[in-house]
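Take a walk through this fold, one contact at a time. Keep the sequence at hand as you read.

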Amino acid sequence: MGGLCRQKRCPHPREGKTALDPTTVEVIKGALIYAAEEMGIALRKSAYSPNIKERMDHSCALFDPKRRLVAQAEHIPVHLGSMAMAVREGLSKYGGTLGPGDMILLNDPYISGTHLPDLTLIAPVNHDGVLIGYAANKAHHVDVGGRAPGSIAGDSTELYQEGLIIPPVKFVRAGRIDDELANLIRSNVRTPEVQMGDLRAQIAANNTGARRLSELVEEHGFEAVQEAMEAIMDYSERRMRAEIKVMPSGVYEARDWMEDTGLGGGPAAIFVRVTIRGDEISFDYSGTSPQVEGPVNAPLGVTIAGIFFTLISITDPTITVNDGCFRPVTLHIPEGCMMNPRRPAPVVGGNVETSQRNVDVLMRALSNVVPGKVPAAGLGTMSNISIGGLRENGTPWTFYETVGGGSGGRPSSDGVDGVHVNMTNTMNTPIEALEAYLPLRFESYRLRPNSGGPGEWRGGCGIERSWTLLGPKAILSILAERTRIPPWGLHGGGTGGLGEYILRRSDGSLTRLPPKCTISLVRGDSLIIRTPGGGGYGDPIRRGPELVLRDTLNGLVTREAAEKDYGVVVDTENMLVDLDATESLRQKRRT
């Protein structure tokens, strides 16, 4: 892919086509979307790792014979937004032919668009010898080799340190896994049984999607299904163009920073210029920092995914997401910048951390375009934690999770406490599941008071989550952001609380860890994770005293912070607000 990427509008209306009954089109559209959802159910229920089975770090979609996205499940935005690139480029780079029962596997970020732990599996779908589409999915594997367990090292300097690189290869041949490729993968990962179990789950997902697509063709006929696919995409295009057309034309800019590039360097800027003209919109990243030595470079697919996610978020949520949504979009992402690096720049953090900051920048640029639809900044990090070691019996184990935090305050409601935002759509892994699988004992799991940014609408609170290592020793990697530059507020709202990561050694000594590091742990060592809160929205003095009282009684805002940030005097003993003292204090703040 070059530095300039352009989405072109397909001709419309189509000449020589007989229009389908709109009801039939809707039926086929619903069937395609649910087929993608059902693929995800099959994948999750068949998976071995808690990361997929419990945290649901996977995504599924269906494509037409021209490799265009026609339906996706409500899964992971960073996966889904890059899936079209993975299918298009993966199939183009694969040199062989694909027949019934074949599937190609890849994870090369410069082809598949994300990072090495995300393995993409693509299956052609044939019916009576005719190609009718493709089923595809991505799943995050808890280990793909590399220099650190979990393959999420925060200090890698080249792609080759981040794990096993798989170009597009035929992993499944006529319905059977290629044993030689399977052995190659097994020999390069720390927990081969888990990885192979998750790959088989990905195969099951594609088989489910292929079966459902074939059933649609059996019921409605090949021509009708293909025509419905075209109609669905064209309709999404028309609706997206209508949304863009009502936005005020102009040029809008924003800048934010990655606070740490992974090797002590930083900050590194992300700059975007958004231009709206009529029913088209363009995004230009000229002015973004050049690619860096550390792992926060974002592959092109990740950057595109952030743009698509933001566009979908600020327009009508009822628009069906498919190729048609993105035809009005033009992109200029210079090759060699941090948002479109040249191989072999490391990218593992670009997928999880830079992707989040990219959305922050895009939302800030568009906050004056659609002011009623853009919230304050969310926590802005996935707070990636990966760890691995040996059990008492010498068998290896690995663990990876992202930890949620606060979303930003919104134009008419508070941010959400303890949730994943923007480019991730995963769950917080249940501690019961982790303690059952891993040599870890969890010590705390709670919301952080005062971490949500003050505002008329408060930012969501971050999370405190801590655990102690029960095994003999392990290697821990942290890859996070927003420990120095806080999530921003909007329209007078305050910033969200900063994140922090604290190591408590078995002797009780405490060390504040950098947000990107790889260190050794021994039995009895503990990690305390405190994630950022979201920014506030609007002047905190305008917040209803009863809402401040509620937050104080719920432990989300302390009595001292209620007075300092909101000008509200709370009597927690009697569970009420001192209205006279509050009005006096607020009046002083106003003057």
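The paragraphs below go through a helix pair, a sheet, a loop residue and the cysteines. Bear in mind that this is a predicted model.

Start with the helices. Two packed helices are described by the angle between their axes and the distance between the axes. Here, helix 1 covers residues 22–46 and helix 7 covers residues 222–245. Their axes lie 9 Å apart and meet at an angle of about 85°. Helix 1 is therefore roughly perpendicular to helix 7, as angles from 65 to 115 degrees count as such. Helix 1 brings Val25, Ile28, Lys29 and Leu32 to the contact. Helix 7 answers with Ala224, Val225, Ala228, Met229, Ala231 and Ile232. Sorted by class, the contact has nine nonpolar residues, one charged residue and no polar ones.

Now turn to the sheet. Strands of a sheet pair through backbone hydrogen bonds, either parallel or antiparallel. This open sheet has four strands, in the order 14-13-17-20, and its pairing is antiparallel. Strand 14 and strand 20 (516–522) are the edge strands. Each has a single partner strand, so one side of each lacks a neighbour in the sheet. On average, neighbouring strands are turned by 15° against each other, direction ignored. Helix 9 (residues 348–366) packs on this sheet. Helix 9 touches strand 13, strand 14 and strand 17 (473–479), and its direction makes about 50° with that of strand 17.

Look at one strand pair in detail. Strand 13 (residues 384–390) runs antiparallel to strand 14, and seven bridges join the two. Ser386, for instance, has Tyr400 of strand 14 as its bridge partner.

Next, follow the chain past strand 14 (396–402). Val416 sits in the loop between that strand and helix 10 (431–437). Is Val416 buried or exposed, or partly exposed? Its relative accessibility is 37%, so Val416 counts as partly exposed. Leaving out residues up to four places away in sequence, Val416 touches Gly405, Gly406, Ser407, Arg410, Gly460 and Cys461. Ile41 is another matter: Val416 and Ile41 are 375 residues apart in sequence and 26 Å apart in space, C-alpha to C-alpha.

Finish with the cysteines. How many disulfides does the structure hold? The count is zero. A disulfide would need the two sulfur atoms within 2.5 Å. Cys60 has 0% relative accessibility, so it counts as buried. Cys337 is at 5% and counts as buried too.

Methods
Residues numbered from 1 in each chain as written. Predicted model: local features only at pLDDT ≥ 70, side-chain atom pairs only at ≥ 80, totals over all residues. Heavy atoms only, no water. Axes fitted to C-alpha atoms, helices over the stretch in contact; angles between N-to-C directions. Parallel < 35°, antiparallel > 145°, perpendicular 65-115°, else oblique. Contact = heavy atoms within 4.5 Å. Nonpolar A, V, L, I, M, F, W, Y, C, P; charged D, E, K, R; others polar. Buried < 20%, exposed > 50% of the residue type's maximum accessible area, 1.4 Å probe, protein only. Pairing = 2+ DSSP bridges.
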